[in-house]
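This report goes through one protein chain by topic. Keep the sequence and the 3D view open while reading.

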Amino acid sequence: MDQSVTSEITAGNGRAQVVAFPIQRSDLSSAFLSNEKLARGFSNFEKSGVPSRFLLFSEGTWVDFAHKIFEELKAGFLAGETRLEIAEYEKSYIFDFLRMSMIDLNTGKRNSIAWIDVHGRCFFPVDERENRSESLGLGIVKKDHIHCGKSLCDENTEVSSNRWPDTKLLSDDDKFYKVVEKLFLSGIKKFIPDTIITSIHKCLHSSFSANSRLLSFQFQKRETMEARGNSNIKFGWYGSSASNVSAILFDGYRHPNGAQLGISNHGFGIHLSSPYSPYDSALLSEADENGEKHLLLCRVIMGKSEKVEAGSIQDHPSNEGFDTGVDDIMNPKWYVVWNTRMNTHIIPDFVVSFKSSGNSKGLRKPMGVQKLSSATNLPFSKLFSEIGRCLPSSKMQALEIFYNQYKVGRISKEMFIRYMRSIAGDQLLTSTIRRLRDCGIRSIAGG
């Protein structure tokens with residue numbers, strides 16, 4: 001039997017009216033969120049940028065609102081309203097940004113809403129994986145199950161690991177373990193033969209923030225498929241420090257990693273090596289206190305890729321016809337996802353932890369950064385003047401760009417030296433530094 005629930009709403013610039021609408025008794029428990037989840041909704045509302053799109057979950061998919069409705073929602077959002085009523089075609093609807101829902105006041109049915117802001121960040125409901133019923137409560141999760149992407153996973157089998165947030169430790173006889181193990185070792189043992197895997201963790205995507213990113217990824221996959229005819233999903237490796245890997249699993253990507261590649265970077269974005277080249281990303285990984293290094297194996301929405309030259313300072317697609325970048329169209333070694341898309345087009349699936357001696361087979365290690373750092377403790381202006389006699393103007397311009405980034409704190413001194421070595425070459429730098437020292441040029445703090 002239906003009963004009437006009275007709800008006070010806010011519309012326009014102030015408190016408007018009390019509206020009564022029919023709702024099923026079974027829906028009463030889902031009509032309101034817990035304080036914790038309501039606080040999460042308010043946090044999303046506060047940290048979101050200006051919405052560029054509002055979406056409605058209808059008939060199993062996310063669709064855009066009509067332009068007129070979008071403008072009304074955007075106006076209310078910017079006015080700081082968390083709830084508003086909109087009338088359209090003799091029907092009235094309540095939109096609740098905190099609960100991320102739309103309620104039809106004529107029927108009492110509820111649909112989920114979401115939005116994407118101008119920075120490309122996506123805000124989706126926490127428990128609307130498949131929107132199994134329009135009356136399903138946003139914050140209600142059955143105690144004996146947790147949501148994991150598109151399927152319901154038994155809580156007893158998906159035990160979160162203490163090592164990494166929101167992950168499950170795989171046993172070495174697990175089918176996923178074997179696939180990832182083969183892919184990783186076949187690519188890295190060609191360079192570091194004594195590499196051993198210490199653990200593989202599978203990402204569960206069951207936390208509020210991780211599942212929101214998974215929903216965003218799935219939405220962008222469909223969008224890219226519609227726009228390009230092929231979402232072009234690839235697997236890629238991402239290497240970093242243990243603390244950064246943990247931060248990514250907890251709260252997503254924050255910073256591009258191209259600067260770690262020096263002049264070999266392909267623009268300012270997230271660089272992931274191809275699935276058969278884990279070694280390249282392993283070079284960007286840092287050993288933790290136990291001597292372990294860690295790589296993320298991620299799915300990446302590549303869409304339509306364009307070639308980005310080494311040393312490029314590109315930080316977005318060159319035109320609307322492209323989504324991502326690669327170093328080589330036919331045989332890419334690096335996949336590049338631009339900063340505005342790093343948390344909508346990349347989703348981590350596994351964490352691979354490993355150990356090795358670090359000795360690369362058949363490869364000569366370059367002079368360490370710290371060693372050259374002390375060697376280049378000279379006035380950079382004088383050093384530039386000297387090496388500029390031997391370098392073409394294009395390389396000097398690139399050096400000046402990276403030097404200016406170093407001066408304003410965008411890159412560290414060690415990173416700038418890596419760039420300088422890549423552009424000028426160790427031989428030219430070493431001979432120039434030796435000549436300057438022979439001439440009596442001494443260190444000047446600050447460069």
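Are R99 and D96 buried or exposed? Both R99 and D96 are buried, where buried means under 20% relative accessible area, exposed means over 50%, and partly exposed lies in between (1.4 Å probe, protein chains only).

## Basis of the model

This is a predicted model, in which local features need pLDDT of at least 70 and side-chain atom pairs count only at pLDDT 80 or more, while totals for chains, interfaces and linings use all residues. Residues are numbered from 1 along each chain as its sequence is written, and side-chain values use heavy atoms, with hydrogens and water left out.

## Overall build

The chain holds eleven helices and 20 strands. Helices (H or I, at least four residues) and strands (E, at least two) are DSSP runs, numbered from the N terminus. Of its 447 residues, 49% count as buried.

The chain exposes about 22300 Å², and carbon and sulfur atoms supply 51% of that area. Accessible areas come from the Shrake-Rupley method with a 1.4 Å probe; for residues, only the protein chains shown count as cover. Take the contacts between residues at least 6 apart in sequence: 66% join residues at least 24 apart. Contact here means heavy atoms within 4.5 Å.

## Salt bridges

How many salt bridges does a search of the whole structure find? The search finds twelve. A salt bridge is a side-chain nitrogen of Lys or Arg within 4 Å of a carboxyl oxygen of Asp or Glu.

One of them joins D64 to R53, with the closest N and O atoms 2.7 Å apart. D64 lies in strand β4 (residues 61-64) and R53 in strand β3, so the pair ties together parts eleven residues apart in sequence. D64 is partly exposed, at 43% relative accessible area. R53 is also partly exposed, at 22%. R53, D64 and E223 are linked in a salt-bridge network.

R99 pairs with D96 at 2.9 Å between the closest N and O atoms. For D251 and R254, the corresponding distance is 2.0 Å. D251 is partly exposed, at 30% relative accessibility, whereas R254 counts as exposed, at 53%.

Strands pair if DSSP finds at least two bridges between them. Strand β5 (residues 83-88) runs antiparallel to strand β6 (residues 91-96), and six bridges join them. A87 has S92 of β6 as its bridge partner. The β5 and β6 hairpin has two residues between its strands, and Y89 there takes a positive phi near 50°.

On to the next pairing. β6 also pairs with strand β7 (residues 101-104), antiparallel, over four bridges. Y93 stands opposite D104 of β7. This second hairpin has four residues between its strands, and M100 in the turn has a positive phi of about 50°.

## S305 and its neighbors

S305 sits in strand β17 (residues 305-307). At 17% relative accessibility, S305 counts as buried. Its side chain makes a polar contact with the side chain of T324, at 2.8 Å. A polar contact is a pair of N or O atoms within 3.5 Å; within protein, one must be able to donate a hydrogen and the other to accept it, and residues adjacent in sequence count only if both atoms are side-chain atoms. Leaving out residues up to four places away in sequence, S305 touches F322, T324, V326 and I329.

## A nonpolar surface patch

V50, L78 and V118 form a nonpolar patch on the surface, with about 250 Å² of accessible area together. Patches are made of residues with over 30% relative accessible area and no salt bridge; like charges are joined within 9 Å, and nonpolar side chains (Val, Leu, Ile, Met, Phe, Trp, Tyr) within 5 Å. V50 lies in the loop between α1 (35-47) and β3 (51-58). At 32% relative accessibility, V50 counts as partly exposed.
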